[in-house]
Amino acid sequence: MDNKSIKGKIHSIESFSTIDGPGIRSVLFMSGCFLKCPFCHNIDVVLNPANQVSEPAEILQYLKKFSDYWGDDGGITLSGGDPLVQIEFTQEITKLAIGEGINVTIDTALISDESSFRYLMDALYTPGGISDSTLRGLESDIPANRGKIFWMSSFKPHIFAKDTPGYNLDNFLANLRALIDRIRLSERVSLRIRYVVIKGFTDNLEACNELVELLSQIDVPFELELLPYVSWGEKKWADQGLEYLLKGLSSTNHEELMQFRNMVEQQVKDRNLSNVTKIMPLIQNK
Amino acid sequence: MQNSYSNNQMVGGSIAPTTNGNSFDGHDNTQKFKTGLWQEDIDVRDFIQKNYTPYEGDETFLAPATDRTKKLWEKVSGLIKEELEKGILDLDVNTPSSITSHAPGYIDRENEIIVGLQTDAPLKRSIKPNGGIRLVEKAAESYGYTIPQEVIDIFTKHRKTHNDGVFSAYTDEIKLLRSHHVITGLPDNYGRGRIIGDYRRLALYGTSRLIEQRKNYLSQMSNTQSEENIRAREEIFEQIEALQDIEKMAKEYGYDVSRPATNSKEALQWIYFAYLSANKQQDGAAMSLGRIDAFLDIYFNQDLENGLFDEAQIQEMIDDFVIKLRIIRHLRPPEYNELFAGDPIWVTMVFGGIGIDGRNMVTKTAYRFLHTLSNLGPAPEPNLTVLWADLLPANWKKYCAKQSIRFSSIQYENDDIMKEYYGDDYGIACCVSGMKLGKEMQFFGARANLAKTLLLAINGGKTEPMLKSNALSGVSYSGSIINGQQGDNKASEEEEKARGGITIFEGLKPLNQSEYLQYDQVWDQFLLVLDKVAKVYVDALNTIHYMHDKYHYESAEMAFHDVDVKRWLACGIAGLSIVADSLSAIKYAKVKPVWNEFGVAEDYIIEGDYPKYGNDDDRVDEIAVEICKEVITALRRYEAYRDSIHTLSVLTITSNVVYGKATGATPDGRDAGVPFAPGANPMHGRDANGAVASLNSVAKIPYKYCQDGISNTFSVVPTTLGADIETQSQNLVALMDGYFVAHGAHHLNVNVLTRELLLDAQQSPEKYPQLTIRVSGYAVLFNRLSKIQQDEVIARTFHTRL
């Protein structure tokens, strides 16, 4: 494949973020998504054509201008939309970044064609491939998070997934399995499961059970991050001329988020799920 | 007379020594300090370097406010509230202020630790007509006071003022550029300020020693009476008189400052007296305090060790001192508020930094001063300025960040880059102006309107219209506010200004040869006009400072300088981001001027997109850098008064609103009258790629070209920094390390708050009596800003993300 021909469709860039993965991050919002989640607060990114079309190296060059702010934990985050929609671009920019010892966080719903996802896994993690070999020589010098790929994969319980156009649980599970297999092979890949807490939909015991059931199937260490539903996305749907299904639903507040967190934590404890290394609530902007 | 120690007990009731104070009764205290050059010569830096103790620990040692402090602050807060409602609390119209003009004043005599007020009552303002009597009259009148005819007579018939001096020597050219807002905000009718006395000298040496040093100087200087020597002799004579007056003033409060301070409480009191004397004599724009943290820390350490005071008492003294700094006031006319909103004094104090020997200069006392925000709540003054450096202790960096997140009342400046110019004993005057304490001073020069300069270039030396042709007829224009008056024949003059076409510079052609503006043509003509503006600007400043020296000399402040000082001529520009974006638009998009019937461009049509300053895009950021280089180069072509050296600031204070109001449409797409971005900030909303990209663009402006400071005001929503105060402060430290250490930027105002909070404060000011925000190099009470200024602050980019 001719790498030069790969171009990314970019919606926007946020040079400073503390909520899109570990540490301070510069985020690439890539256009397009396979899904149309009712709670989506970036529907403009999902639907809109790109504001900018650029090659991976070019984009990375720009993002690297912010590297002095990343510290030991931060780096770049590929978000969107969903980076798996532009899987070739994602693969290429990730390879380039990892090759330079940059931490890459990929924020995804893990929904994509299984064979292309496996292809991505293979490309990124061929034994002796980039993430292991490129950094082997540096290993002792660089902070643990550098040159790592950090997968942030959101999970939707059935009650919500059924209302999400494009969502397919089997597809998600197959891709998650492929990812876990890779994580076992490399120390430089890690996983965070994300879960959006929506009042009346995903904050009840049933949904919690389903989440914990999923967690129990993950047999590598990982983090869980709980995101509050935020209602500010509503305006963006209106701007796109779309009907907002969650109309009138208020944002999940910190207290409600913590309640759900306690529920999950209790179950994780009860079931002795030692692979869950952290359960983190995310504080969102108001 | 009584010895000063027993006097202290009488005045400051609650600061009783924890041990017998005998050993402090006398002058032998200095013997406990490490000896050095500072004893042979006036050399405060040497004293500090020999004696201070760097502190690496955290903030857990700090003491809370005492009941006394709370009570006193409550009383002062009540007075400030009353002042806000009335405009000013009180004014003494009869007594032109001097060091000794007013009898001692107190807030609550029994409960004050550090004493001294500018007049005989707290927040009662005084008049200082030497700057200009008309301004004093106008200011008084605007608050419902009348200056007695006898006072007016003195300053019109018998004694010339600075203001009259300047206008008797201004050239037509200067007046023209001034009235068309090309150079504005000049200190030609108010005190120039921005001079920092090394007030620590009073504490370390006392007046006797300082007077003796000056007398020695006089006896040894050349006895040839050249113009320069005559002036020097007169100035030194006045400085000696000022020192004698300070001694007199202190005596009225029961203190003998002819001798050095013998303990920390005296050291603080002596510094305050010295600073107070400057404020009784002058009302300059920016009366800054300098750098007293490590100096005072030496005294505090000694008193702690000796058991004279404990931590609670030391904090109480500092809280009391800071209360005094919070109520320094000057009489300002309403239009002054357009330039410098919120009644600022710029009691700028710098903290921390790293010594040239590499030792950290953060002391416990730096913590104590930042802690006053917690003990007293936020306030605009003093203007807390942290000197940021790579090697500062991690604990200190984190504490500063925490206080910023809590109070939005701190600014940060890059010690690593300033140290190269000023060593490790410098202060900041006003917002961003560095100078060696006691060794350097500056001639404040406000700023030139760079956006107007560009428009003059495009319009062939003629003024741009403020209104479009179709809006001109029948509209009574009220765009000019700096000069304020709307006299009878003003209306037509203003209308003429509104349609533009008035010739400012002869011999230039408008750039209307082609449909679209050509970058090279615009750039060349811009440089040509810039050179002309620079010439007139330096001429104006030379005139102003000649007259200020002559009619309104700062003998109190200069008494705390070396006799021979180095002088900076501090020039400035407004509208940097507008000009950079305009040139970028001309270069990377297509810009078509819309010419009106008077042959000047009333609007610009932009075809296509262009790179905008504030997105870390070198294509436009390099234009901004080039502009700064050209400005300082142009300024330095013209000789400056008293061998001063030209410097340049990119700082607007709050005048970005009023400058914008007086500037027509610009080729970047900005409409006529729209406020500029403050200082070196990117234009509101154009920094589309987030905080770091925006910071990186500003960081590219080299300090080398803009040695008088590059101001950047940064507002971030708390949760954007992280979930909890620990994460937030860690991330704010990382941001500042990236900005200052990795990218070598100069200045950052940090606001951590939400736009919603400001909107609510605008609606319900009574809910936020102490809401303080950083604007452009200083902090203001949000409630003191005018509606239009509040709107501009609210419109600024808040770094957040949806």
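# A Guided Tour of Chains A and B

Helices H11(B) and H12(B) are roughly antiparallel to each other; angles under 35 degrees count as roughly parallel, over 145 as roughly antiparallel, 65 to 115 as roughly perpendicular and the rest as oblique. The model is a predicted one, in which local features need pLDDT of at least 70 and side-chain atom pairs count only at pLDDT 80 or more, while totals for chains, interfaces and linings use all residues. Residues are numbered from 1 along each chain as its sequence is written, chains are lettered from A and ligands numbered from 1 in the order in which they are written, and side-chain values use heavy atoms, with hydrogens and water left out.

**Stop 1: H11 and H12 of chain B**

Select residues 264-281 of chain B for helix H11 and residues 293-305 for helix H12; their axes come within 8 Å and cross at roughly 155°. Helices (H or I, at least four residues) and strands (E, at least two) are DSSP runs, numbered from the N terminus. Axes are lines fitted to C-alpha atoms, for helices over the stretch in contact, and angles run from 0 to 180 degrees between N-to-C directions. On the H11(B) side, display B:Ser264, B:Lys265, B:Ala267, B:Leu268 and B:Ile271, which meet B:Phe295, B:Leu296, B:Tyr299, B:Phe300 and B:Asp303 of H12(B); contact means heavy atoms within 4.5 Å. By class, this contact has 7 nonpolar, 1 polar and 2 charged residues. Ala, Val, Leu, Ile, Met, Phe, Trp, Tyr, Cys and Pro count as nonpolar, Asp, Glu, Lys and Arg as charged, and the others, Gly among them, as polar.

**Stop 2: H4 and H13 of chain B**

Next, select helix H4 (residues 67-86) and helix H13 (residues 311-326) of chain B, whose axes are 10 Å apart at an angle of about 5°. That angle makes H4(B) roughly parallel to H13(B). The contact of H4(B) with H13(B) has 4 nonpolar, 1 polar and 5 charged residues. From H4(B), B:Arg68, B:Thr69, B:Leu72, B:Trp73 and B:Val76 take part, and from H13(B), B:Glu316, B:Asp319, B:Asp320, B:Ile323 and B:Arg326.

**Stop 3: strand E1 of chain B**

B:Val93 is located in strand E1 (residues 90-96) of chain B. At 12% relative accessibility, B:Val93 counts as buried; buried means under 20% relative accessible area, exposed over 50%, partly exposed in between (1.4 Å probe, protein chains only). Beyond residues up to four places away in sequence, B:Val93 touches B:Ile127, B:Tyr145, B:Thr146, B:Ile147, B:Pro148 and B:Val151. Zoom out to include B:Tyr610, which is 517 residues from B:Val93 in sequence and 56 Å away in space, C-alpha to C-alpha.

**Stop 4: helix H18 of chain B**

Helix H18 covers residues 450-458 of chain B, and 9 of its 9 residues are buried. At its start, a side-chain oxygen of B:Asn449 reaches to within 3.1 Å of the backbone nitrogen of B:Ala451. Just after the helix, B:Gly460 adopts a positive phi of about 65°.

**Stop 5**

Select B:Asp668 in the loop between helix H25 (656-661) and H26 of chain B. Its relative accessible area is 5%, so B:Asp668 is buried. The side chains of B:Asp668 and B:Thr666 are joined by a polar contact of 2.6 Å. A polar contact is a pair of N or O atoms within 3.5 Å; within protein, one must be able to donate a hydrogen and the other to accept it, and residues adjacent in sequence count only if both atoms are side-chain atoms.

Then move to B:Cys628 in helix H24 (residues 618-636) of chain B, which is buried at 0% relative accessibility. Leaving aside neighbours within four places in sequence, its contacts include B:Leu576, B:Leu648, B:Val650 and B:Cys706.

**Stop 6: B:Asn696, in contact with chain A**

B:Asn696 belongs to helix H26 (residues 691-699) of chain B and is buried, with a relative accessible area of 1%. Which residues are in contact with B:Asn696, leaving aside its neighbours within four places in sequence? They are A:Lys65, A:Phe66, A:Tyr69, B:Asp616 and B:His743. With B:Asp616, the side chain of B:Asn696 forms a polar contact of 3.0 Å.

**Stop 7: cysteines of chain A**

For A:Cys33, the nearest cysteine sulfur is that of A:Cys37, 6.1 Å away. A:Cys33 is partly exposed at 25% relative accessible area, whereas A:Cys208 is buried at 0%.

Key: Disulfide = S-S within 2.5 Å.
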